[in-house]
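I am opening a notebook on a structure that is new to me. The entries follow what I looked up, topic by topic.

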Amino acid sequence: MPPASGSRRFTAGDLVGVHDESRCLLAVVVAEKGTRLDLKVGFEAKAVQRGVRQLDLLAALPEALTPPSRLSQPPWGLSQETLQLAAPRPRELAAAWLLLLSEPVPLGLGDFVDLIGDGSDPAQRAACWLWLQGPQTLFRWRQQQVEARPLQDVRRLRRDARRQQLVEQRRRRWQDVLRQRQPIDPQHFDPEQRQQLALLREWAGGETSRPLPDDLHRALQAAHCPMESAPIRHLLVDLGQWERHHLPSLENTTWQAGFGAELEAEAQRLVALAGTPQPGDERRRDLTGLHTVTIDDEDTRDIDDGLSLERVADGTPRLWIHIADPGRLVAADSPLDQEARRRASSLYLARGTLPMFPEVLSTGPLSLRMGQRCAALSLWVELTGDGAVAGYGIESSWVQPAYRLSYADADELIELAPPQERHLGEIHALMEQRRRWRMARGGLNLDQPEGRIRSDAAGPQLEITEPSASRTLVAEAMILAGAVIARHGQEQNLALPYRSQLAAELPADEELERLAPGPVRHAAIKRCLSRGHLGTTPAPHFSLGLECYVQATSPIRRYGDLLVQRQLLAHQQGEPVLEEADLEAVLSELEGAIRQGLQISREDQRHWQQVWFEAQDQHQWAGLFLRWLRPQDRLGLVHLPDLAMDLAAECHGDPVPGDDLLVRLQQVDSLRDLLRFTAAG
């Protein structure tokens, strides 16, 4: 059944090969329409139309035969089985290649099939044509003729094919690895796959600017993993390449990197120097004779403030507020100082602290440690009968804390007031007096229980901090120190990082009185307050009820407080201070790190809330409606008294502030940063 010549027109019933994009298919001609033909393609006899240039004539329909409309009909009688049986054998193909290589003459399809079988058999012609269009390396198919490839081309193609085969095998193994979601060792994979893991970490951390390559996209699809940060985090956790509680916002930050070996070595050097004389020590006033106590959370190790009470000659109580002096050891613009500036603050997370200074320093010679002679900046304040500042002084000093108290210890001493520890009760009375003075000038008291999640080896636990006498005492003393230092800066025309807050128009007293005291009333007030502002000139702080204010009592934990301390000491000792423009430049530099630290802290608490809720058997709690967040989405803010938390919830009905609600946990997934509640009356 010889094929027609190259110039023969196609007729109905001819067996043809179709080059259809990247596929090669068998078809039967139905009708010719100019330069296009109607075809029935494949064993499904799918009706298509193709151009003549896309077709190869494999066998012409013998005259006088009825044109078939399917490949399976006579005279072709083709099926998957007949094509498989008719497929050319490797040995015959190799012999044909050697023969054509020695006599390089192009052959038509029929003559070529005759070399390896029966050229008149339509099944063999079709099977051979399909083989020629496939990934074989021995022959070229050009203009319906077969040519043997030169030996060098065959070798090159086989090398390329082998290389591609290995690539495909690696790709399949990689897809299998992702699909199986079992822990892996990246060292067992090639550099390209390790790069893909690094790219997945970027996406898991929320950095999605670099697109995922197509083969990685396909691998994720095989693993049923959408191309989104949260599902990719799930996948990396399963692969052992993302610690389950690692925060995306920590990824590639200075906090994640920790302190390098050089900085740790420098910290150790300063620890060794702490007991030796340093510049300025001779000017320090010895206040080690004062009965000084420090009060902080039980697990706090970096202690940066302490309190003493002294009676002056006329019996007037003089409150001393001692602030740790890290500048004694850490010089401005030194490597450790520059690293502290990059961090801007310590981060207090659910699983522990990421300190601004190396821990060996922050919990060592920089801290006000019990029984140790410690460098400090000490501030004394005397109050009038109504709580106003009657006098103050600021000087560098040596102090020696007698006791390190927890808030619980301090509360007990304030309540019991033993004669040998009367100072704490007297300090508490002074600070209550000062607090009333601030409230009379518009200061706001928004104290309420606060629930936070802490985590240790036992897992996440809810810790509720209740307002108490000792916490009020410490907070008021720190606010007093900030107010006095700000006033001093204002009087001396000294540039400091002043904190201010614009005046707010609060709800009318009658409206507030109608709201339940505590969280509901506080929420109504807080929604009216503007955000605080940080600047280099003094301005009023509305919610504190102060004409000016700085944060100054945590120089181990906040770089801004260290700046305050350096400005005060330099001014006091007649040394150059930062001018306003220079201070503004430093504060601008700190701004990004402060914002990043806040984001990390909030994300950390949100994550551990989600982990805690995942572990709870109880899925509903009594709540109070506080206010609407997005009324159009029915999203409101609710308070859960048992947990001392304010949470967003989808609120049903039309609740008003103070309404009782039943809050139900709807959905939680800590790896997807997902926590949803519904609430109804």
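**Entry 1: a pocket**

What volume does the second largest pocket have? I read about 750 Å³. I note that this is a predicted model, where local features need pLDDT of at least 70, side-chain atom pairs count only at pLDDT 80 or more, and totals for chains, interfaces and linings use all residues. Residues are numbered from 1 along each chain as its sequence is written, and side-chain values use heavy atoms, with hydrogens and water left out.

My terms come next. On a 1 Å grid over the protein atoms alone, a pocket is an open set of points with protein on both sides within 12 Å along at least five of seven lines. A cavity is a set of points where a 1.4 Å probe fits but cannot get out. Lining residues have an atom within 4 Å of a point. Grid points are joined across faces, edges and corners, and a volume is the space filled by probe spheres set on the points.

I looked up the lining of the second largest pocket and found 34 residues. Gly327, Val330, Ala331, Ala332 and Arg566 lie nearest the centre of this pocket. Helix H10 (261-273), helix H11 (335-343) and helix H18 (559-572) are the elements that give two or more residues to the lining. H18 gives the largest share, seven residues. Helices (H or I, at least four residues) and strands (E, at least two) are DSSP runs, numbered from the N terminus.

By type, the pocket lining holds 15 nonpolar, eight polar and eleven charged residues. Here Ala, Val, Leu, Ile, Met, Phe, Trp, Tyr, Cys and Pro count as nonpolar, Asp, Glu, Lys and Arg as charged, and the others, Gly among them, as polar.

**Entry 2: cavities**

How many cavities of 30 Å³ or more does a search of the whole structure find? I count two. Strand E11 (305-311) and H14 each give two or more residues to its lining. The lining of the largest cavity includes His291, Leu307 and Ile427.

The second largest cavity has a volume of about 40 Å³. Its lining divides into five nonpolar, no polar and two charged residues. Asp325 and Arg328 are among the lining residues.

**Entry 3: salt bridges**

I then turned to charged pairs. A salt bridge is a side-chain nitrogen of Lys or Arg within 4 Å of a carboxyl oxygen of Asp or Glu. The structure holds 46 of them.

Lysine 33 and aspartate 38 meet in one, at 3.0 Å, N to O. Aspartate 38 counts as buried, at 17% relative accessibility. Buried means under 20% relative accessible area, exposed over 50%, and partly exposed in between (1.4 Å probe, protein chains only).

Which residue forms a salt bridge with aspartate 447? Arginine 435 does, with the closest N and O atoms 2.7 Å apart. Aspartate 447 sits in the loop between helix H14 (422-440) and strand E18 (450-456) and arginine 435 in helix H14, so the pair ties together parts twelve residues apart in sequence. Aspartate 447 is partly exposed at 41%, whereas arginine 435 is buried at 11%.

I also found a network: Asp333, Asp337, Arg341, Arg566 and Glu589 are joined by salt bridges that share partners.
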